[in-house]
Amino acid sequence: MSDTDTENKRLASLKRLGLLDTPPEERFERLTRIAQQHYQVRTALFTLLDDDRQWFKSRQGLDVAETPRSVAFCDHTIRQDQVFIVENASQDPRFRNNPFVLENPGVRFYAGVPVREPSGFKIGTLCIIDDKPRQFGEKDLDVLRTLAVMVEDELERSWLRSDNSEQVSVSHLNRAIHQAQNVFLTSDNERSAFEYMLNDLLALTGSQFGFIGEILYDDKGSPFLKVGAITNIAWNPEAQALYQEVERQGMIFRNLDNILGKSMLTGDLVISNNLPEDPRRGGLPVGHPAINTYIGIPVYSGTTLLGLIGLANRSEGYNRSLADELAPLSQTLGHLIERKRLYEEQRTHRKDIELATHYDALTGLPNRYLLTQLLEQELFEAELRNGQVSVCLIDLDGFKAINDKHGHLVGDAVLKSVADRLKVAVKPHDIIARSGGDEFVLILRDVADERAYAGILDAMRRPINFQHHVLQVSGSMGVTLYPEDDVSTDLLLRHADQAMYAAKETGKNGFKIFDLEYHSSRKARWRVLEQIGDGLNQGQMELYYQPKICFRSRTVDGFEALIRWNHPEEGLLAPGDFLQHIEYTEYARTLGNFVIREAVKQILAFSHQGLPYTLSINLSPSHFLCREFRHDLADALEDCPRELRARLILEILETTTMDNTDAVQENLKACRELGVDISLDDFGTGYSSLDYFRRLPAQEIKIDQSFVKDMLEDTDDRMIVSAIVSLTKSFNRRLVAEGIENADVEKKLIQLGCDLGQGFFYSKPLPLPDALQWAENFRWENR
């Protein structure tokens, strides 16, 4: 159907309404008043678009009754199916030279909604107009759309009341339209929808026979008719079988040399009221009842021919007027066929996009994009069943050599063969994906035995025969296990990748399981090393002080200074959170020098305050053993008087003294020459010989707290503590017990002859002001 035919039908529908040039009616006036008041605009109109004019059935804020259609904003509105908005007409190239913009009424803003008559033609608009520009969003349109629907309701009521058709019941026609729409939009049974519509057409026209078909085109561009519904005329068994075949698969009419083909070729309405003598007639199946009258109504959507309605044997014959009255139903059919085609195209397009987006074109396996979604679902289901998921990444060994030697065709064949073997090697519910190149990812549920991973690799290793080539590839697999490795999907894949490289490094053709403990430690190390430089530069390091009690005098002898990191994000960090990660890095020396300087500074402060306290600090093994240590210590002590230096006690791990005996002896000697005391920390955990112990220039021994805590319950620990006490007394060394947590342990240590004690029984490590206040308030009898 041409644009001219469509416009002619639209104008005919407008005239059938009988509203043009009629007086105002309150039912429409009320709706335009609501629009004007709600939007606070100068003008609100219900317009009808005639052949060459725009006539206002209802107008608010406008004096004229009509304007030329050629300059009407509303003409643009009825050419589309949605709201038409002009926010500033003076800046819109389509309207800035329009006389209604340049002159009175000075239109700036316009918003119009198309208004349809009952058969579906757009005959006018409901619009609002203002002389000031404004922005108009989606939410602003709700009221205008609702009012337009109410206008259409009024038009339908008028139509039903007048029932001015001559041959078709309007109420029956409207019911048929609504039924067709409901069936098409709510059912997947396309044939059922066509049959409902055909039954309505037969009833509306009084026809005996009929069909509805969709016009399609073959590869040569020739039209053919795919019948969607046809009258069941069971005149013989063969015809009944034919009808059933139509129900199952659809009937196809390809012969165009007949009256049915005429409509498909020309797209025109075809009417014959004397078909037996009509030269366009075609043969009928044997036994088919005679057809005397026929009408072929082409079905359009816009100007596109989509289908054909054929009706036959109406007693009073057919005419164009009947076709015009059926136009709303035929147009509905056109819209529904178009909607069906669009849906099918979209579904096919979506399927193609889904395949391209989610699946690997070569192997048909899920790709990396879909893999992430599938993995997320597997993790969710694992949580529900309290199960485990193995994320396995396989990289082919030797694939590049095959590709380079034999070409990509052979390489692709190998990849497809590997994919097929993996499908057989895993369980049906497991997932296989190709993540790219020669990498495959497996997502396996609840693997009970690690031999399952080896079995998968064995299945891949079998020779591949392709085009007289015998090819062999193996795979290196990395595995990480969820929920033990409880991280995001991306990190799980990354961890499997790291484990795969570990498998490659150990000789390929095997698997490795991700070492979560090592990874966590390494990750923490990276984080510390990235941030500790700023921590030192920005003054985030601080010494906390834990008191040491002299058992003989029952007073506070001094403190052990322990490093803390006031981390801006993680809060207060204890030494165990970061010292191990900086050992044997440049930061070990930097932090060690910070602690030594702070300790010397505090000893000087104690002296100025008249406080007799000693101060112990812990030395990093790598700092103590480095060649710069003695110079670092000498620099820190430069301004400290000789008589005060003995208050500084350097605690060195017993195990450190065994690492490099020559360097240890030299540095300990340097410490004594500089006047500071040495304490062997965590004593009892090493294996130093008695002779070596005798030669170490240490003034103090600290019993490791692991022996102290359980000495009352554990006989072995008690014997070790007793032996250390005896050894210390024999060599005239000062003995400190750390880790004291109750009075009974304290009492036992005093009985054994221990000199000093520290632990949570007295106080936890405290900031300096709190520690000094605690020491000032300490009374032995008030513990």
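Ala588 lies in helix α19, where helices are DSSP runs of H or I with at least four residues, strands are runs of E with at least two, and both are numbered from the N terminus. The model is predicted: local features need pLDDT of at least 70, side-chain atom pairs count only at pLDDT 80 or more, and totals for chains, interfaces and linings use all residues. Residues are numbered from 1 along each chain as its sequence is written, and side-chain values use heavy atoms, with hydrogens and water left out.

Ala588 counts as buried because its relative accessibility is 4%; buried means under 20% relative accessible area, exposed over 50%, and partly exposed in between, with a 1.4 Å probe and protein chains only. Apart from neighbours within four places in sequence, Ala588 is in contact with Ile582, Glu583, Ser620, Ser622 and His623, contact being heavy atoms within 4.5 Å.

An α-helix has 3.6 residues a turn, so residues three or four places apart point the same way.

**Second largest pocket**

The second largest pocket holds about 870 Å³ of space and is lined by 35 residues. A pocket is an open set of points on a 1 Å grid over the protein atoms alone, where a 1.4 Å probe fits, with protein on both sides within 12 Å along at least five of seven lines; lining residues have an atom within 4 Å of a point. Grid points are joined across faces, edges and corners, and the volume is the space filled by probe spheres set on the points.

Glu560, Leu562, Pro575, Asn618 and Asp681 lie nearest the pocket centre. Elements giving two or more residues to this lining include β20 (541-550), β21 (555-567), α19 (586-608) and β25 (677-683). The most comes from β21, with five residues. By class, the lining has 15 nonpolar, 10 polar and 10 charged residues; Ala, Val, Leu, Ile, Met, Phe, Trp, Tyr, Cys and Pro count as nonpolar, Asp, Glu, Lys and Arg as charged, and the others, Gly among them, as polar.

**Backbone and cysteines**

Most residues other than glycine have a negative phi, and most peptide bonds are trans. The table lists departures from both.

| Site | Backbone value | Loop |
|---|---|---|
| Asn104 to Pro105 | cis, omega about 10 degrees | Pro105: between α4 (99-102) and β5 (109-116) |
| Tyr482 to Pro483 | cis, omega near 15 degrees | Pro483: between β18 (474-482) and α16 (489-505) |
| Asn732 | phi about 55 degrees | between α26 (715-730) and β27 (734-738) |

Asn386 counts as exposed at 72% relative accessibility, and Asn732 counts as exposed at 71%.

The structure holds zero disulfides, a disulfide being a pair of cysteine sulfur atoms within 2.5 Å. Cys626 is buried at 17% relative accessibility, and Cys671 is buried at 1%.
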